[in-house]
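Please examine the sequence and the structure shown below. The explanation that follows leads through selected parts of them in turn.

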2 protein chains.
Amino acid sequence: MENNLSHIFERTFSSLEEFADFISETLEGPVTIEDRNHRLLAYSTHEKYTDEARVSTIIGRRVPEKVINKLWRKGIIPTLHEKAEPVQIPEITEIGLGSRMAVSITKNNDVLGYIWIIEGNRAFTEHDAFLLKEAANKAVTQLQQVQSRTKEQERSRQEYFWRLLTGDLQNEHAIQEQLSTWFPSMPNSAAVIVLEANEEITDTMDKNITYLITTSQKVKVLFKTREQHTIILLAEPLQPQSKEGIRWFLQDFMLLLEERFGVSTIEVGCGRLNSSFMAVKDSYMEAMEVIHVNRRLPLHRKSFLFYDELGFYRYADSLIKQKRQENLTDPAITTLEQYDITHNRELLKSLTVFLQNDGNMRKAANALHIHVNTMAYRMNRVEEIINVDLNNAYQKLSLLLEISLEELKDR
Amino acid sequence: MENNLSHIFERTFSSLEEFADFISETLEGPVTIEDRNHRLLAYSTHEKYTDEARVSTIIGRRVPEKVINKLWRKGIIPTLHEKAEPVQIPEITEIGLGSRMAVSITKNNDVLGYIWIIEGNRAFTEHDAFLLKEAANKAVTQLQQVQSRTKEQERSRQEYFWRLLTGDLQNEHAIQEQLSTWFPSMPNSAAVIVLEANEEITDTMDKNITYLITTSQKVKVLFKTREQHTIILLAEPLQPQSKEGIRWFLQDFMLLLEERFGVSTIEVGCGRLNSSFMAVKDSYMEAMEVIHVNRRLPLHRKSFLFYDELGFYRYADSLIKQKRQENLTDPAITTLEQYDITHNRELLKSLTVFLQNDGNMRKAANALHIHVNTMAYRMNRVEEIINVDLNNAYQKLSLLLEISLEELKDR
DNA sequence: CACCTATTTGTGAAATTTCACAAATAAGTG
DNA sequence: CACTTATTTGTGAAATTTCACAAATAGGTG
C-alpha cells in the first residue's frame with residue numbers, strides 16, 4: 001500500500017494551486033506553498049481549519065516577519081534547512097500559529113521553498129509525514145518552473161537597476177513610466193543601500209542575504225543586484241521620507257545576518273532618500289562613500305549608516321589627501337604628542353576625549369576615570385602648551401578635526 | 001660773506017665721518033647723519049653737548065623706534081619730508097631728545113637721508129640753518145655713493161633670498177655658511193612674511209613700507225624682496241621661537257602704514273617660524289595661504305596673521321573644491337535656510353551665532369540681543385527641524401564647518 | 001634621603017546654566 | 001475678529017559647573 005500511495009503525486013498539475021489543493025485533500029489540512037523567501041506561491045482552498053498566521057500570510061502574500069523570526073528562534077527553520085524531512089511544529093499561540101507540519105522543498109541541498117500543512121481534526125501520522133515528503137519531492141519541478149520565470153523578470157529588472165545606478169537614464173518621466181509597470185503603487189522615495197563583504201559573495205551568502213531582505217518587512221526593496229563583493233539595493237521606506245525604517249531594517253539585518261548565518265564581516269552604507277529616480281546614481285555614490293569612510297574609521301568608533309550622518313567625514317578623503325601632500329601634521333598635535341612622550345603624560349588623549357565629549361569636563365573625566373579637577377588641570381596645561389583657547393569654537397573645531405583626521409590617516 | 005660761506009662745503013671729504021665732523025665744527029654742535037630709514041651712517045666726534053636720544057642712536061646704529069614714533073606724531077618727520085629745509089626741533093624730554101635742528105637730504109623729491117645737529121651752548125641762527133641746508137645739498141653725492149654700494153649688496157642678497165624662497169638651495173650647511181657672512185649672529189629662527197597689495201606696488205609705496213620695516217625694531221628683517229603686488233620678508237623675532245614679536249610688528253605695521261601713508265588695502269600673512277632655512281620655502285607658501293584665506297574670509301571676520309592660526313581654514317580650498325564638484329550643500333543647512341524663508345525666521349543665523357560662541361547660550365543670546373530663553377527655544381527648534389543633537393561634538397563640528405564653508409564659497 | 005615641582009584628588013562656596021512654568025506677544029487662519 | 005499656535009520674555013528654583021584652596025601623591029634631582 002505504501003508503495004502504491006507513494007505514486008499518488010505522479011500526475012500532472014496544471015497549476016501550483018491545484019497541487020496545493022491536492023495535497024490538502026490527501027492529508028486533510030490546509031496547505032500553503034512558499035518560495036525560499038517565504039513569499040506565498042500557492043494555497044489550498046476549502047479549508048475548514050485555519051489559523052491567524054495562515055490568514056496573514058495569505059493576505060500579505062508573504063509570511064509575517066514576526067512569524068519568521070519566531071520560527072527561527074525556535075530552531076524550526078534551521079531544522080527545515082538541515083534536513084529535507086517533514087517537521088512537526090507544535091502550536092505557538094503568541095504568533096497565532098496552530099499545530100502544523102512543514103517540509104522544505106530541496107534540490108541538491110538548495111532550499112527552493114516550503115510546504116506547510118495545518119493539522120485538522122486528526123493528528124498527523126508517520127504516513128502523513130511520508131506523503132508530505134513525497135509532495136515536496138514532486139514540488140521541486142513545479143518550483144523550478146516558477147523560479148525560472150521570475151529569474152528572467154529579475155534579469156531585466158537588474159539591468160534596469162544598473163542603468164539607474166550608472167545614471168544612464170536621463171528622462172524622469174520615462175523612468176516613472178517604466179517603474180509603474182513593476183510597482184503598481186509608485187514609490188514615494190527611495191535610497192540606495194550597499195552591502196559590501198570582505199570576501200566574494202557566494203551564492204549561498206547571496207541567498208541568505210536575499211532571504212533576510214525579503215523576509216524583512218521594514219522596507220520595500222524595489223531593486224536588488226549583486227557584484228563580486230557587494231550587493232546593491234534600492235529601498236523604499238514604509239513611512240515616506242523617513243530614514244528610520246531603513247535604520248531599523250539595516251540594524252536588524254546586520255544582527256540577523258550574524259545570528260542566523262554567522263556572517264559578520266559585512267559593511268553597509270545608505271545614500272540619501274530621494275523622490276527623483278534620477279538621483280539614484282547619487283544615492284549610490286553616497287552609499288559607497290559611507291562604506292568608504294567606515295572602512296577607514298578607527299575600530300572603536302561606531303560605523304555610520306547614512307550619508308546624511310557622515311558630517312565632516314564626508315570630506316575625509318580630500319582632507320587626508322591634502323595632509324599627505326603637504327606632509328603636514330598639525331603643529332599643535334605634534335607639540336602635544338612630543339610633550340606626552342618626553343614627559344610621559346597623556347595630554348593628547350585627554351584633549352581628544354575632552355573634545356569628543358563636547359568640552360564637558362565631567363563627562364570627559366568620567367570617560368577617562370579621572371577626577372574632574374584633574375581634567376580641568378590637564379586642559380589648562382594643554383592651553384598653555386599649545387597656546388590654544390579651549391573656549392574658542394573655531395579652535396576646538398580645528399583641533400577635533402585634526403585629531404579625527406589623524407585617526408583616519410593611517411588606515 | 002654769505003656767498004663766501006656758501007662754498008665752504010665745496011671740498012672733498014674722504015669719508016662721511018669726516019663730513020660729519022666738518023659740519024659739527026662749523027655749526028658747533030654734535031652731528032649725526034642717517035639714511036632714509038634712520039639707520040646711522042655717520043656721526044661727529046668730540047661732542048661736548050649730547051643727549052640720550054643721540055647716544056642710543058649711536059649705540060644701536062639706528063634711531064630708537066620710540067624716538068621715530070614721537071617725531072612722527074609731533075609732525076616733525078612729515079615736515080622734513082615735505083620741504084627740504086632745515087627744521088628747528090624743541091626739546092622733547094620724554095624721549096631724551098635735546099633741542100636740535102634737522103634737515104632732509106633730498107634729491108628729486110626723494111629723501112635719501114637726514115642730518116641732525118644738536119644745539120650746543122648757543123641758539124642756532126638763520127645762518128646756521130642756511131649752512132645746514134648747504135650741507136644737506138653736499139651730502140646728496142655722499143649718500144648716493146653709499147647707497148649704490150648697499151644696493152649692489154642688496155641685489156645679491158635678494159637673489160639669494162629668492163633661491164631660499166623657491167627651495168633652490170638644498171644644503172643646510174652651505175646655507176648656514178653663506179648666511180653667517182651676512183649675519184654675524186646666526187639667526188635662531190625665522191618666518192616668511194608676505195605683504196600683498198591690491199594694486200601694483202609703486203616705488204614710493206615700497207619706500208614707505210621699507211621705512212616702516214626698518215624703523216620697527218620689533219623684528220629683525222633678514223631679507224626683503226618685492227614683486228609686482230607683494231613684498232616678501234624673512235623675519236627673525238627678537239625673542240627666539242616666539243611669534244608674538246612678529247604679531248606686534250605686523251599689527252603696528254598695518255596701523256602705521258594707514259596712519260602715516262594712508263595705505264590700507266594691504267593684506268599680510270606669516271608662515272611658520274622655523275630654525276631650518278630649508279623650510280623658508282614652506283614658510284613662504286604658508287604665508288601665501290594665509291593671505292589667500294583672508295581674501296576669501298567674509299568681511300566681518302577678523303583676518304588671520306599666522307598660518308598656525310588658520311586652523312581648519314587651511315583646508316578651505318580642498319573642501320570648497322569638493323563641495324563645488326559634488327554640487328553639494330549640506331542638507332541640514334539647506335533645510336534650515338528653506339525653513340527660514342518659508343516661515344520668515346532666523347534659525348540659521350541663530351544657529352551660526354550659537355556655534356560660533358562655542359555653544360554658549362548666554363553669549364550667543366547677547367550677541368543677537370535676544371533673551372537667553374529665546375535662544376534656547378530656537379536651538380530646540382533647530383534640533384527638531386534638522387534632527388541634530390547640539391550636544392554632540394561631531395555634529396556641531398560638522399555644522400560649524402559647513403556654515404563656515406558656505407561663508408567662503410561665494411567669495 | 002631630602003627637597004622641589006608637577007600632578008592628582010578632595011572639599012565646598014560662588015557663579016552659571018538649565019529647566020519648568022507662566023505671561024506676553026506675534027502671526028496665521030477661518 | 002475670535003481663535004489657535006508659535007514665539008519671546010520673565011522668574012525663580014534646582015542642577016551643574018567653575019573656581020580657589022588644600023592636602024595627598026608622584027617623579028625627578030642633587
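Which element gives the most to the surface near DNA strand D? The model is a predicted one, and in it α15(B) holds that place, with 5 residues. Chain A takes part in this surface as well: α14 (361–368) and α15 (372–386) of chain A, together with α15 (372–386) of chain B, each supply at least two residues. In total, 15 residues surround DNA strand D. The closest are A:R362, B:I370, B:H371, B:N373 and B:T374.

Strand β5 (residues 110–118) of chain B has 7 of its 9 residues buried, so the strand is largely enclosed by the rest of the structure. Two strands that pair with β5(B) may be considered in turn. Strand β1 (residues 31–35) of chain B runs antiparallel to β5(B) and is joined to it by 5 bridges. Strand β4 (residues 100–107) of chain B is also antiparallel to β5(B), with 8 bridges between them. B:W116 of β5(B) figures in both pairings: it is the bridge partner of B:T32, and B:A102 stands opposite it. β4(B) and β5(B) form a hairpin with 2 residues between them. In the turn of this hairpin, B:N108 has a positive phi of about 50°.

A further sheet of chain B is open and consists of 4 strands in the order β7-β8-β6-β9, with antiparallel pairing. At its edges stand β7 (219–226) and β9 (266–270) of chain B; each has a single partner strand, so one side of each is left without a neighbour in the sheet. From one strand to the next, the twist averages 20°. Within this sheet, strand β6 (residues 191–197) of chain B and strand β8 (residues 230–237) of chain B pair in the antiparallel sense over 6 bridges. In this pairing, B:A191 stands opposite B:A235 in β8(B).

Two helices of chain B accompany these strands. Helix α6 (residues 126–165) of chain B lies across β7 and β8 of chain B and runs at about 90° to β7(B). Helix α9 (residues 244–261) of chain B packs on the sheet, where it touches β6, β7, β8 and β9 of chain B. The direction of α9(B) makes about 175° with that of β9(B).

Terms used: Residues numbered from 1 in each chain as written. Chains lettered and ligands numbered in written order. Predicted model: local features only at pLDDT ≥ 70, side-chain atom pairs only at ≥ 80, totals over all residues. Pairing = 2+ DSSP bridges. Axes fitted to C-alpha atoms, helices over the stretch in contact; angles between N-to-C directions. Contact = placed C-beta atoms within 7 Å. Buried ≥ 20, exposed ≤ 12 C-beta atoms within 10 Å, placed from the backbone. Near = placed C-beta within 6 Å.
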